[in-house]
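Please look over the sequence and the fold before reading on. The text below walks through the structure in steps.

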Amino acid sequence: MSIREIITVPHPTLRRKARPVTRFDESLQTLIDDMVETMRDAPGVGLAAPQVNVPLRVIVVEYGDDEEAPPKLYVVVNPEITRHTQETEVGVEGCLSIPGLLGDVERFSRITVRGQSRRGQPMKLKLSGWTARIFQHEIDHLNGVLFTDKALSIYKADAVPEDTQVA
Ligand SMILES: [Zn+2]
């Protein structure tokens with residue numbers, strides 16, 4: 001495994017629509033292992049393949065809404081939001097690809113995500129809370145969308161506050 005460079009705005013890959021994964025080969029496994037290591041090193045709670053300059057539909061998320069339990073690692077290939085509540089919540093987001101900025105972003109409170117595992121097995125996840133927020137942030141990355149496009153307000157952060165998650 002190795003840590004890859006996280007690209008930042010205005011790198012053009014961040015604005016491209018990523019391609020679906022069709023081959024679940026060794027290079028995909030290496031990409032996923034590297035993404036997990038890069039996310040943990042950053043540190044961040046999520047990472048999308050375009051953020052390491054690979055325009056493929058792959059995301060990794062590591063977060064636990066339950067503070068008592070260890071964070072849970074999710075790897076999802078070709079993720080899609082297939083259902084969501086009408087209810088939304090506003091929360092503070094930051095992005096590893098947009099250093100120094102935070103924003104208040106409105107996201108669906110609960111979502112259903114369908115996709116595939118790293119080996120190509122179909123999977124379905126029902127998510128809520130911050131985990132649902134992080135997934136929406138990462139899936140936006142696959143469509144070339146950044147949180148600053150959606151934020152209700154954006155502000156400078158010299159240092160990211162301790163309770164803020166970046167992805
Ligand atoms: Zn991001």
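Predicted model: local features only at pLDDT ≥ 70, side-chain atom pairs only at ≥ 80, totals over all residues.

Residues are numbered from 1 along each chain as its sequence is written.

The largest nonpolar core holds 33 residues, and Met35, Val60, Val61 and Phe135 have the most contacts inside it. Two or more residues come from each of helix H1 (26–41), strands S1 (46–48), S2 (58–63), S3 (72–84) and S6 (110–116), and helix H2 (129–142). Such a core is a set of buried Ala, Val, Leu, Ile, Met, Phe, Trp, Tyr and Cys residues joined through C-beta atoms within 7 Å. A residue is buried if 20 or more other C-beta atoms lie within 10 Å of its own, exposed if 12 or fewer, and partly exposed in between, with C-beta atoms placed from the backbone. Helices (H or I, at least four residues) and strands (E, at least two) are DSSP runs, numbered from the N terminus.

Beyond four places in sequence, the contacts of Val61 include Thr131, Ile134, Phe135 and Glu138; contact means C-beta atoms, placed from the backbone, within 7 Å. In H2, 11 of the 14 residues are buried, among them Ile134 and Phe135. Gly144, with a positive phi near 75°, follows H2.

Strands S4, S5 and S8 form an open antiparallel sheet in that order. S4 (88–95) and S8 (153–156) each have a single partner strand, so one side of each lacks a neighbour in the sheet. Strands pair if DSSP finds at least two bridges between them; 8 bridges join S4 to S5 (98–108), with Glu93 partnered by Gly103.

Key. Contact = placed C-beta atoms within 7 Å.
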